[in-house]
Amino acid sequence: MGTTATTTTRFPFSLPPPKSYPSHNHHHFKVSILTPTITPTLRLQAMGAGDKLGEFGARDPFPAEIESGFAEKVLGNVDTEHKILIPTVAALSLSQQECTPISPLQDPMSKDDAQKLLKKVLGWRLLDEESGLKLQCLWKLRDFKCGVELVNRIYKATESCGHFPNVHLEQPNQVRAELWTASLGGLSLNDFIVAAKIDEIKTSDLVPKKRVWA
């Protein structure tokens, strides 16, 4: 048999003392408010082992509850399948992807696919030459020193890729970069990945400042 402990706590309080209201001309009356003392009782019960629900906290369902299938209607049912979706390579931006080895048996990228990916790289254009498709980008810099600095930044941005562009320092202030996969005789996804990484290079401090007309 379980035991039941009963704790009684009293909170005495009373209403304010009665008030007398002053009399008015022609009407004499006095109102008093009775102030009985109310002593509410707070009863706390600690349920013992004999209680059907057991101790405070979780409990096993009753057989009737299991038969009713109530768990199927509960939000967060333990049988619910939870999936954590990890982004695939296709969901990543080109600049976040890494270059992969190219098989000699692999076909070069088609022109249609290249034109679709061309929209994801800024400032690059598609060259359709006899040797195959290529990507090309031109930069106009302030001077020769800025051109050399850009070439160095391109190298730092692509050195971990294992796939390098052909970079040319032309005239005193122009840099030209070209990308293609020589083993395929055309373009591969690697070329667009490298182009996207080059796009992230800061060049605002290297290009000529816009002329402000008075």
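Start with how the chain holds together. Of its contacts with a separation of 6 or more, 65% join residues 24 or more positions apart. The model is a predicted one. Along the sequence they come in the pattern β-β-α-α-β-β-α-β-β-α.

The chain has 214 residues, and 24% of them are buried.

Now turn to helix α3. This helix covers residues 144–158, 15 residues in total. From its first C-alpha to its last it reaches 22 Å. That is close to the 21 Å expected at 1.5 Å a residue.

Which residues of α3 are buried? They are C146, G147, L150, I154 and T158. Seen down the axis of α3, these buried residues fall within an arc of 100°, so they line one face of the helix. An α-helix has 3.6 residues a turn, so residues three or four places apart point the same way.

What covers the buried residues of α3? The cover includes three strands: β4 (132–140), β5 and β6 (174–179). It also includes helix α4 (189–199). The other face of α3, turned away from the buried side, carries the exposed residues K145 and K156.

L169 is partly exposed, with a relative accessible area of 32%. A residue can belong to a patch when its relative accessible area is over 30%, and L169, at 32%, is past that cut-off. F144, V148 and L169 together form a nonpolar patch on the surface. Their accessible area together is about 240 Å².

Finally, look beyond helix α4. V207 sits in the segment after α4. Is V207 buried, partly exposed or exposed? V207 is partly exposed, with a relative accessible area of 27%. Leaving aside residues up to four places away in sequence, V207 touches K140, L141 and R142. V207 and N173 are 34 residues apart in sequence. In space, C-alpha to C-alpha, V207 and N173 are 9.3 Å apart.

Methods
Residues numbered from 1 in each chain as written. Predicted model: local features only at pLDDT ≥ 70, side-chain atom pairs only at ≥ 80, totals over all residues. Heavy atoms only, no water. Patch = residues over 30% accessible without salt bridge, like charges linked within 9 Å, V, L, I, M, F, W, Y side chains within 5 Å. Areas by Shrake-Rupley, 256 points an atom, 1.4 Å probe, with all protein chains shown as cover. Salt bridge = Lys/Arg side-chain N within 4 Å of Asp/Glu carboxyl O. Buried < 20%, exposed > 50% of the residue type's maximum accessible area, 1.4 Å probe, protein only. Helix = DSSP H or I, 4+ residues; strand = E, 2+ residues; numbered from the N terminus. Contact = heavy atoms within 4.5 Å. Expected span 1.5 Å × (residues − 1). Arc of directions from axis to C-beta.
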